[in-house]
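Hi,

Here is the structure I promised to send over. Have a look at it first, and my notes follow below.

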Amino acid sequence: MKYIQLIGLTLFLTGLLAFTVIPFLGEYTISEAIVLDNTKDIHQEKMKELLAPMYGKEYSSSFSFIRELNQKVDDYNSELKAESKWDQVIWDDYSFPLAKASLSSPVQNHPWLFLFVSIGLTVLGGLFYNLPKFKGEPEGIKNNGIFHSKMKNRGWLGMLTGSYLILFYVILYWFPAYMVNLVWMVEPLSLILSGNPASQWFLYGLIYTLAILVMGVRMFRKYKGNRYQQIRTASVMFFQTAFAFLIPEILVLLNKPYFDFKNIWPLDYSFFYDYRIETLTSSGAIGMFMLIWGILLIVVGVPLFTYFYGKRWYCSWVCGCGGLAETVGDPYRQLSDKSLKSWKIERYLIHGVLVLAVVMTALTIANYFSAFSFLGNVTNQLHSFYGFAIGSAFAGVVGTGFYPFMGNRVWCRFGCPLAAYLGMVQRFKSRFRITTNGGQCISCGNCSTYCEMGIDVRWYAQRGQNIVRSSCVGCGVCSAVCPRGVLKLENGPEEGRINEMPILIGNDSVKLNA
Amino acid sequence: MSPSKHIVILGNGIAGITCARHLRKGDDKIQITVISGESKYFFSRTALMYVYMGHMKFEHTQPYENWFWEKNRIDLVQDWVEKVDFEGKKLYCQSGKTITYDQLVLATGSKPNKFGWPGQDLTGVQGLYSKQDLELMEKNTESGVKQAVIVGGGLIGIEMAEMLAYKNIEVTFLVRESGFWRNILPEEESEMVGRHIREHHFDLRVNTELEEIISDGSGKVKAVKTKSGEEIPCQFVGLTAGVSPNIDFLKGTELDVDRGILVDQLFQTNLKDVFAIGDCAQFREKPDKNRNLIEQVWYTGRMHGETLAQTILGKPTPYKPGVWFNSAKFLDIEYQTYGQVPADWDESQVLNFYWEHSSGKVCFRMLCDSDGRILGVNNFGFRLRHEFFDKAIREQWSGQKVIQNLDKANFDPEFFAPYISAIQRKYAEENNITMKISKPSFFKRLIGAKL
Ligand SMILES: Cc1cc2nc3c(=O)[nH]c(=O)nc-3n(C[C@H](O)[C@H](O)[C@H](O)COP(=O)(O)OP(=O)(O)OC[C@H]3O[C@@H](n4cnc5c(N)ncnc54)[C@H](O)[C@@H]3O)c2cc1C
Ligand code: SF4
Ligand code: SF4
């Protein structure tokens, strides 16, 4: 067994190494035709002129190529800015499409080969590593050694992993031009699925989905005897693969708008942006259906499902961010901060983001109906601020990059505006709660330690109080790890759900609020 | 706000700390000091094994954050008390400090039993009770330990075995009885746990007693010898043959002690203003016919603390324990019990119902009196609701009513196998009655675990 796992680890690391090296391959040569093909009509003339000195030159590294390209555009822009000719500034960033088109590298000739050697090997390695896990061991809790691990307890391996992830996100969001090799590698796959050339987002979607699948397999192994964990893991694997990855691509193939049927505003913060509304309203019946579906999810779906099942129906069964957190992030769940202080920070932050998202969307809609006369500029600036600070930096870089530092639900706990909305419903109008089993708690602390949302579950359990917390995503791990069978996730009547003054049973001498 | 009186609690375990918390809840004025030599902050002793096995860090075993104590004005002193001057109401600490009190609560807990075995003080031989024991065990097993022997098959013994297995140490388990924890568990349950212990590759030896622990000549353990003369090589020995009250420093004083500190139903000792609770207390009379004179579990420690706090607050409250309950975990198998299920019973007085799942890892036992009224249940490998059985046993439900309503007692996570219906079916069959079998919803039957 150990043997197969060792092979798996080797394959994984080889794949990762290939993935890291591939962006450095090939040369870049730009031409007038490339510029014309990849810039908007209004910029074509200018770009053609600006980049003319680069035509025909061969750049052996992405760094020199992209630096020079950006330099040319930046110089031009700063001149205009100095003269306050704001409307002539080229705001669009063309570095990605230009780099992609200018590249000539072995990856383009053998994309499948490179895909196999990098992502393929990591997936294979991951499966080899995970499938034999705990083989021959009885079913049970598999938390041995977590706090002695270099990976799972902020050791050097964890630090390294976190840094790699952060670097990846920074490049993905702000410097995608440096990863065009990787994008070329998935080009044929994208053509098959959607008929469109690949973007960095297609690459990201593919990696994201595969990561959830491979680490989902790990969940099956780790929670061998726990049906609840297995089913909800299967559920996030399914929703990510089908709804987030395949269906949107296939829709595009069928000339329909790209649409993720399970992504809900305000997590999907751009849902009401004018360009998206326009795409939907101009796409006939199916577009209309998508628009109505999206709105119904917000106003009916969320409250209704959350009333019956708690926010878990979304956060740990359906959501893509949650899906990644519950699979790839599972090894880091114990790193969330349980202090009262972090709970306070959490409430300010998450509700702050929700307010921001609502205000921004309200402005967007007002702006839309007033034919862009109402606060047009402010709305745009708000969009770019939100997209940068919340959508990319918070949700991506911090949300995932910080797994090995602050646990797997940093975004879900401190940032996600949809979680804030679901949480309010869960707290005030829901049948969901975690019931504690009378006086059976021994205050051991397993539940609190393994709660990814940083809920101090034990605080409630040891006083016999139901856990009704807006942040609980219903992952069920507290219940799984409890060695005394104290916790049960339940949907039940609202009566008696919130018991602020619980009484521990078993002592007839006094009836006391614990 | 000048303090009305100074209560000193000796021992910051569950008993002492619960008492302190409830004192503060009930009275804003009194001065409360908690002294313990083991650690400054309250931690959960029951979680020591998880620290060793890397499931948690030590700080995770502390149920309250450090600011909690200051906020609630509970003064913490980390020191060992060496002598008590009951006359002068004064405590003498190891550091040289003295602390005076108006009322003293003794909650000093237990210490591992040592029965004077030859070699019991060798290096590498130890019990597991305190934080210091845990640290010692970490040190003792850091390197060079391939084989270990556990003496005494109780709850701490199996925890120690699991801990050692984490370090890939071969464990031999010496149990004096005919089966694991057989003095508490009925035969089938004891067998079940025994099988599971062997499944984890521990060498479980029943009917085996320790004769002596053998030194390697340099003061370290090298083997143990059993009563039958067999020598088992080992580099570590865990002594887990029970615990007894930790009261050595109180012996020979005017305080009345037997095995523990003798108390009445109000937890009063023979001395005015001195009380004792938790593991270290010994009742002069049983608090209930089914209870022991010394109660050595977490839950009772908590209840003692809750109850005594009321008395000190001026509402004299005798200790009246409710329906008994307990729980434990044997490696991967969880165990809960409600009411009275002794290891053996008189067949003519007691009706026994037992169901075991074919996996051999899940079982349920219910005992009823000769009139068919429930006495208690044991459940292994699945979870049952405390509240349900507290009510059923208190109200003396008939066994049939209990089984009929058993689905309401289910506490397993969603989608787990429907053990309840299997139990109901067997009960109906054995008693020749028709019974409505609880069925899980269609969805759960579709994707849930099967029996
Ligand atoms: C490994 C282990 C696992 C257990 N698991 C369970 C379980 O699963 N379920 C269950 O119900 N029970 C369990 N128990 C038993 C349970 O932990 C005890 O019954 C309970 O902790 C007793 O609480 P207490 O407050 O009476 O005493 P303790 O928790 O022992 O506290 C007494 C404190 O007083 C201090 N003290 C004593 N003398 C002095 C002195 N002279 N000066 C200063 N300080 C002093 C000690 O250092 C100690 O900190 C377990 C025990 C152990 C050791
Ligand atoms: S409280 Fe339990 S179910 Fe809720 S998020 Fe925390 S671990 Fe998951
Ligand atoms: S894991 Fe269970 S026993 Fe331990 S503190 Fe949490 S609820 Fe209590």
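Which helices do the buried residues of helix 3 of chain A pack against? Keep in mind that this is a predicted model. In it, those residues pack against helix 2 (32-38), helix 4 (62-82) and helix 5 (95-102) of chain A.

Helix 3 of chain A spans residues 41-51, and its buried residues are A:His43, A:Met47, A:Leu50 and A:Leu51. They cover an arc of only 75 degrees around the axis, so they sit on the same side of helix 3 of chain A. The background is simple: an α-helix has 3.6 residues a turn, so residues three or four places apart point the same way. On the face turned away from the buried side of helix 3 of chain A you will find the exposed residues A:Asp41, A:Glu45 and A:Glu49.

Chain A also has an open sheet of three strands, in the order 2-1-3, with antiparallel pairing. Strand 2 (58-59) and strand 3 (103-104) of chain A are its edge strands, each pairing on one side only. Strand 1 (residues 27-29) of chain A is joined to strand 3 of chain A by two bridges, and the two run antiparallel. There, A:Tyr28 stands opposite A:Leu103 in strand 3 of chain A.

Next, the ligand. Ligand 3 has 13 residues around it, and A:Cys441, A:Cys444, A:Gly445, A:Cys447 and A:Cys482 come nearest. Helix 22 (446-450) and helix 23 (457-461) of chain A each supply at least two residues of the shell around ligand 3. By type, that shell divides into nine nonpolar residues, three polar and one charged.

Then there is A:Ile505, in the segment after strand 5 (487-491) of chain A. Is A:Ile505 buried or exposed? Its relative accessibility is 18%, and since buried means under 20%, A:Ile505 counts as buried. Leaving out residues up to four places away in sequence, A:Ile505 touches A:Gly438 and A:Gly439 in chain A, plus B:Arg302, B:Met303, B:Phe325, B:His386, B:Glu387 and B:Asp390 in chain B. A:Ile505 and A:Asn437 are 68 residues apart in sequence, with 9.6 Å between their C-alpha atoms.

Over to chain B, where five strands form an open sheet in the order 21-22-25-24-23, with antiparallel pairing. Strand 21 (325-330) and strand 23 (350-356) of chain B stand at the edges with a single partner strand each, so one side of each is left without a neighbour in the sheet. On average, neighbouring strands of this sheet are turned by 10 degrees against each other, direction ignored. Helix 6 (residues 187-199) of chain B packs on the sheet and touches strand 21, strand 22, strand 23, strand 24 (363-369) and strand 25 (374-380) of chain B. The direction of helix 6 makes about 25 degrees with that of strand 23 of chain B. Six bridges join strand 21 to strand 22 (residues 333-339) of chain B, running antiparallel, and B:Asn326 stands opposite B:Thr337 in strand 22 of chain B.

Last one: a hairpin in chain B. Strand 13 (residues 210-215) and strand 14 (residues 221-226) of chain B pair in the antiparallel sense over five bridges, with B:Glu212 opposite B:Lys225 in strand 14. Five residues lie between the two strands of the hairpin, and B:Gly217 in the turn has a positive phi of about 100 degrees.

Cheers

How values were computed. Residues are numbered from 1 along each chain as its sequence is written. Chains are lettered from A and ligands numbered from 1 in the order in which they are written. This is a predicted model: local features need pLDDT of at least 70, side-chain atom pairs count only at pLDDT 80 or more; totals for chains, interfaces and linings use all residues. Side-chain values use heavy atoms; hydrogens and water are left out. Two strands pair if DSSP finds at least two bridges between them. Helices (H or I, at least four residues) and strands (E, at least two) are DSSP runs, numbered from the N terminus. Axes are lines fitted to C-alpha atoms, for helices over the stretch in contact, and angles run from 0 to 180 degrees between N-to-C directions. Contact means heavy atoms within 4.5 Å. Buried means under 20% relative accessible area, exposed over 50%, partly exposed in between (1.4 Å probe, protein chains only). A residue is near a molecule or strand if one of its heavy atoms lies within 4 Å of it. Ala, Val, Leu, Ile, Met, Phe, Trp, Tyr, Cys and Pro count as nonpolar, Asp, Glu, Lys and Arg as charged, and the others, Gly among them, as polar. The arc is that of the directions from the helix axis to the C-beta atoms.
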